[in-house]
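Please keep the structure in view while reading.

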Amino acid sequence: MLTENLTVAGHSVSPLHYINGQRVASSPRFDLHSPIDQSLLGQVCEGGAEQVQAAIAAAQNAFPAWSALTAVERKPYLDRFTFEIGQRAEAFCQLESTDAGVLLSRMAHGVVPRAMLNISWFAEHALTLQDRPIETEQATHLVRHDPAGVVVIITPWNAPLMLATWKLGPALAAGNTVIVKPPEWAPLTSSLLADCAHAAGLPPGVFNIVQGSGANTGAKLVSDPRLARVSFTGSVPTAKWIAQAAGANLVPCSLELGGKSPFIVLQDADIDNAAATGALMYRNAGQVCLAGTRFLVHSQVRDAFVAAMRGYVDKLKVGDPRDAATEVGPIIHPRQVERVQGFVECALADGAELLWGGAPHPFGAQYYQPTMLTNLRQDSEIVQNEVFGPVLTLQTFDSDEELVAMANGTDYGLGGVCYGEVAHATAIAQQVRTGFIWVNSFGIRDLAAPFGGIKRSGVGREGGDWSFEFFCDIKDVVVPK
Ligand code: NAD
C-alpha cells in the first residue's frame, strides 16, 4: 500500500485519503497548522472530483456484501476496529491535542474511551435490531431495519474523533458503507481511524476517508445522488447548504448544529455547585456545542453567583493543551480568534459590561481570556448568536415566567443546564425548548439516550435506536395469520 506519513507530536499519520482499502494521494494539498503555536504540521491532500467519485464507487461496490452480513457477523469486525483504536490511544491523544488543541487529559480520559465505546456499543446494540415483530389479530408485522446504503459523514473540528466515531459506529453496525470527510482544520485523528479500519480487516470500500475543504470536497460529496444518507455535525450556514444540496436528490440528512444554551441559576440553587459547573463552560476554550453559554441568574442570587463563579474562573489555567494542569486551551484558528474578539467588541459598543476577561490571553496568539459579559438586551447579537469561544453572557430574571421566556428567546434549541431545588429545576427544565437539559449537573451522556437539537440547532436525533432509525430503511414485512 502507498505510504506517506507526517510525523506529528512524535506519531506517524497519513496525510492521504483512504479509498477502497488503499491510501490515495492527490494534489493540491493544504497546509495544516497547530492552534497551539501556529507551527506547520504538514500538508494534507485536498480531495477533488476524482477522489470523491472513487470513494462513492468503492462504497457502492462494497455495500452488497457488507449489508448482507448479519449484525452478528459484522460485530467481530467492529470489535477489532475498537481494539485497534485502543492500540493507538496515545497517538489519538497527541494528534488531536496538536491539530485541534483539545486538552490532552480530556483526550485520554474522555474522548478516546468514548470513541471506542461509540463503535463497540453500537455493534452490540445492532444485535437487538432485526425482526422486532408486532403481533395483531390479522398479521405478524416483521419490522426490519435494513441498511440504507452509502453514508457520508461530515464532522467539525472541535471534536473530530468523538463525532466521527459517534456516527461511524451505528452506520457501520447497521450495515452501511461510509465515507468520512474530516474537518480541514483538524483532519489527523480521522486519518488514523482509517489505519484502525485497515488493521481490523474491514473489507475495502466499507470505510473511506476523503480529506479536503468543505466548500470543495465536502460540497462535491453531499451533492452526489448515489448517497443514501448524509450525517452532518457543524454550523447552521453549512447545514443549510448541505440540506439544499442533499435535498435536491431527496437524500435524508441528520443535522447536529450549534447552540446558545441557557445556563440557569434559580434562587434556590446551590450557588457554589452552580458556579463550579459554570466555570467548566470554558473547557475546550468554549468550543463545545452543548455548553451552557447564556447564564440566566435570579436577581436575588446574582451577586453571590458572580462572586462564586469568579473565584473558580480566576483559578482556571489557560495554556498549552498538552500540559496536564491546563484547563483552557487555544482557539482553533486565527479567523476564529478574530470572530471571538469581534463579538466582544460589538457587545461592548452596544453597552455591555465586562465582568471578567475581554481580551486575548498573553499565553499566545490563539488564546483568549475566559470572558463574561453582562448588561445585555435579549436581542443583543451576543445573546442571540453562537460565539464558539470562551465568551459567556449573564442576564438576570425575577420570575419563572420571565426566565422561561428568556431561555426560549433565541432561535437555537440544543441543550441547557438548570441549577435549583430539584423539583423546581426539573419543572423549569421541562419548559425549556431544547433537545436536552441537565438538572443540577452537566455533560452526563448515555449512548442509549437521544441527542440532538430543535429549532436552528438541528434536525433529527442521534444515539441508541435514533441513530439506527436514521441509518436504516425501516420496513414492515406483513405476514397474515
Ligand atoms: P462548519 O459548518 O464550518 O464545518 C463543519 C464541517 O462541514 C467541516 O468538515 C467542513 O469542511 C464541512 N463543510 C463546510 N462547508 C461544506 C459544504 N458546503 N458541503 C459539505 N461540507 C461542508 O462547522 P465548524 O466550524 O467546523 O464547527 C463548529 C460548529 O459545529 C459550531 O456551530 C458547533 O456548535 C457545531 N457543533 C455541533 C455539535 C452538535 O452535536 N450539535 C457538535 C460539535 C460542533
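## The strand and its partners

In this predicted model, Ile179 stands opposite Asn208, a residue of strand S11. The two strands concerned, S10 and S11 (residues 207-209), run parallel and are joined by three bridges. Strand S10 also pairs with strand S9 (residues 150-154), again in the parallel sense, and this pairing has five bridges; here Val150 is the residue that stands opposite Thr177 of S10.

## The helices that link the strands

Between S9 and S10 comes helix H5 (residues 160-173), and these three elements make a right-handed β-α-β unit. A right-handed β-α-β unit is likewise made by S10, helix H6 (residues 188-199) and S11.

## Buried on both faces

Is S10 (residues 177-181) mostly covered or uncovered? The strand is mostly covered, since five of its five residues are buried. In a regular strand, the side chains alternate between the two faces of the sheet. In S10 both faces are covered, with Thr177, Ile179 and Lys181 buried on one side and Val178 and Val180 buried on the other.

Which residues does Phe305 contact, leaving aside its neighbours within four places in sequence? Phe305 is in contact with Val265, Ile271, Ala274, Ala275 and Val297.

Note on methods
Residues are numbered from 1 along each chain as its sequence is written. This is a predicted model: local features need pLDDT of at least 70, side-chain atom pairs count only at pLDDT 80 or more; totals for chains, interfaces and linings use all residues. A residue is buried if 20 or more other C-beta atoms lie within 10 Å of its own, exposed if 12 or fewer, and partly exposed in between; C-beta atoms are placed from the backbone. Helices (H or I, at least four residues) and strands (E, at least two) are DSSP runs, numbered from the N terminus. Two strands pair if DSSP finds at least two bridges between them. A crossover is right-handed if, with the strands pointing away from the viewer, the path from the first strand over the helix to the second runs clockwise. Two residues are in contact if their C-beta atoms, placed from the backbone, lie within 7 Å.
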